[in-house]
Amino acid sequence: MPKRVDHAERRTDIAEALIRVAGRRGLHAVGMRDVAAEAGVSLRLVQYYFQTKEKLLLFGLEQLAERFGERVSARVRAAGDSPGPRAMVEALLMAALPADDESRTFHHLYTSYAVLAMTDRALAAQPFIKNPDAAEDALTELLRQAQEADLLDPDVDARLEAAGLLAMSAGLGTSILVGQRSPESATTVLDHHLNRIFRTGDAVLT
């Protein structure tokens, strides 16, 4: 009896190969033949599952974004059963910093995709982050919860503060990638800012 092929698993394996080789060489330098070699399959098989390079890139980066979401969830769980809004904000912002190989790969490929999409209409037409405002919405809600708990000044604009925190986190992430500062230094900057906007400064980023 012929072995049944798990097509979803095969697609995921190919996407993981894309992530590995793109993490080493850069997204712009990767072709479908490179991915096939990395995955140990034929070019024809890669083309069967992903008819174009754009479709392959989209699926691969969707997988990477999904793993990033799982990292955020893991950090939130690690904060305890009732961590409170400050700890939740810290978990979200810390998960976004490229402090290890997996998060560095995510930031590297995310940035590369955005740059390529500026001049490639096919890529621009298929953004891999389905809800780009999700992080801002979540952070805004956490800051509003902090205001309700009297942990944040009621005059603070939660939406603007959330946007500013995410922009700061993104900038710090880039500075880590290019070697300007260490993850520990970036953490200190984030902690300093959170201590300024929260009324209690007893929580420390770890």
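**Overview and core**

Guide: Of the 206 residues of the protein chain, 37% count as buried, meaning under 20% relative accessible area with a 1.4 Å probe, protein chains only, while exposed is over 50% and partly exposed is in between. This is a predicted model, in which local features need pLDDT of at least 70, side-chain atom pairs count only at pLDDT 80 or more, and totals for chains, interfaces and linings use all residues. Residues are numbered from 1 along each chain as its sequence is written, and side-chain values use heavy atoms, with hydrogens and water left out.

Visitor: How many helices and strands are there in the protein chain?
Guide: There are 10 helices and zero strands. These are DSSP runs numbered from the N terminus: H or I of at least four residues for helices, E of at least two for strands.

Visitor: How many residues does the largest nonpolar core have?
Guide: That core has 31 residues, and Val35 and Leu56 have the most contacts inside it. A nonpolar core is a set of buried Ala, Val, Leu, Ile, Met, Phe, Trp, Tyr and Cys residues joined through side-chain atoms within 4.5 Å.

Visitor: Which helix gives the most to this core?
Guide: α4 does, with nine residues. Domain 1 (1–51) and domain 2 (65–197) both give residues to this core, so it lies between them. The domain bounds come from an automatic or database domain assignment.

Visitor: What does Leu56 touch?
Guide: Leaving out residues up to four places away in sequence, Leu56 touches Ile14, Leu18, Met32, Val35, Val46 and Phe50. Contact means heavy atoms within 4.5 Å.

Visitor: Which residues does the second, separate core include?
Guide: Val89, Leu93, Leu165 and Leu172 are among its 20 residues.

Visitor: Back to the two domains. How many residues of each are in contact?
Guide: Seven residues of domain 1 are in contact with seven of domain 2. The area buried between the two domains is about 560 Å², with carbon and sulfur atoms giving 73% of it. Buried area is the accessible area (1.4 Å probe) that two parts lose on being put together, summed over both.

Visitor: Which residues of domain 1 lose the most area to domain 2?
Guide: Ile19, Gly23 and Leu27, together 67% of what that side buries.

Visitor: How many salt bridges does the rule find across that interface?
Guide: One. The rule asks for a side-chain nitrogen of Lys or Arg within 4 Å of a carboxyl oxygen of Asp or Glu.
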